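This report walks through a protein chain step by step, for a reader who is new to looking at structures. Please keep the sequence and the three-dimensional view at hand while reading.

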Amino acid sequence: QLQLVESGGDLVQPGGSLRLSCTGSATLNPYTIGWFRQAPGKEREGVSCISRRDGSTYYADSVKGRFTISRDHAKGTVYLQMNSLKPEDTAVYYCVAGGVDRDYWGQGTQVTVSS
């Protein structure tokens with residue numbers, strides 16, 4: 001069973017930056033990795049994804065140009081760099097690894113953007 005841990009969430013002011021990290025009990029290199037977020041009272045939203053194969057990336061329109069997903073292959077970890085943060089980015093952010101038979105979810109990390 002793959003276990004995932006997110007870190008890096010914090011309270012930041014609008015316009016600030018954070019880098020979220022996703023670390024697995026095993027290297028994440030063999031997995032397609034997605035970041036999701038969920039704000040109170042709102043539907044869970046896919047934020048970004050990086051491919052298992054060619055490293056291609058996906059971004060939701062709401063974060064395009066502000067967020068960057070990346071891998072550190074040596075460490076087997078995945079990051080989400082978040083710049084120009086807005087209050088509407090406030091949510092619990094989850095890292096998800098796409099397995100063959102099931103997806104693996106982390107516990108989430110809280111990102112709060114507020115002045």
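Where is the place of Asp 89? In this predicted model, Asp 89 is found in the loop between β8 and β9.

## The surroundings of Asp 89

Although Asp 89 belongs to a loop, its relative accessible area is 1%, so the residue counts as buried. The side chain of Asp 89 makes a polar contact with the side chain of Arg 66, at a distance of 2.8 Å. If neighbours within four places in sequence are left aside, the residues in contact with Asp 89 include Arg 37, Val 63, Arg 66 and Phe 67, and also Ser 84, Val 111 and Val 113.

## The disulfide

The count of disulfides comes to one, and this disulfide joins Cys 22 to Cys 95, with the two sulfur atoms 1.9 Å apart. The two cysteines come from distant parts of the chain, since Cys 22 is in strand β3 (residues 18-24) and Cys 95 is in strand β9 (residues 91-98), 73 residues apart. As a general point, a disulfide is a covalent bond between the sulfur atoms of two cysteines. The torsion about the S-S bond of Cys 22 and Cys 95 is about -80°, and therefore the disulfide is left-handed. Cys 22 has a relative accessible area of 0% and is buried, and Cys 95, also at 0% relative accessibility, counts as buried.

Cys 49 counts as partly exposed, at 25% relative accessibility.

## A serine in a loop

Ser 51 lies in the loop between β5 (45-50) and β6 (57-59). Is Ser 51 buried or exposed? Its relative accessibility is 18%, so Ser 51 counts as buried, because the word buried is used here for values under 20%. The side chain of Ser 51 reaches the backbone nitrogen of Arg 53 at 3.1 Å. When residues up to four places away in sequence are not counted, Ser 51 touches Thr 32, Ser 56 and Arg 71.

In general, the strands of a sheet pair through backbone hydrogen bonds, either parallel or antiparallel. In this model, four strands form an open sheet in the order β1-β3-β8-β7, and the pairing is antiparallel. The edge strands are β1 (4-7) and β7 (67-72), each of which pairs on one side only, and the twist averages 15° from one strand to the next.

The pairing of β7 with strand β8 (residues 77-82) is antiparallel and runs over six bridges. Within this pair of strands, Ile 69 stands opposite Leu 80 in β8.

Strand β11 covers residues 109-113. In a regular strand, the side chains alternate between the two faces of the sheet. By contrast, β9 and β11 pair in the antiparallel sense over three bridges, and Val 92 stands opposite Gln 110 in β11.

Thr 112 has a relative accessible area of 25% and is partly exposed, and a polar contact of 3.3 Å joins its side chain to that of Gln 110. Leaving aside its neighbours within four places in sequence, Thr 112 is in contact with Asp 10, Leu 11, Val 12 and Thr 90. Val 113, with a relative accessible area of 4%, is buried. The C-alpha atoms of Val 113 and Ser 17 are separated by 9.6 Å, while the two residues are 96 residues apart along the chain.

How values were computed
Residues numbered from 1 in each chain as written. Predicted model: local features only at pLDDT ≥ 70, side-chain atom pairs only at ≥ 80, totals over all residues. Heavy atoms only, no water. Disulfide = S-S within 2.5 Å. Buried < 20%, exposed > 50% of the residue type's maximum accessible area, 1.4 Å probe, protein only. Polar contact = N/O pair within 3.5 Å; in protein donor to acceptor, adjacent residues only side chain to side chain. Contact = heavy atoms within 4.5 Å. Pairing = 2+ DSSP bridges. Axes fitted to C-alpha atoms, helices over the stretch in contact; angles between N-to-C directions.
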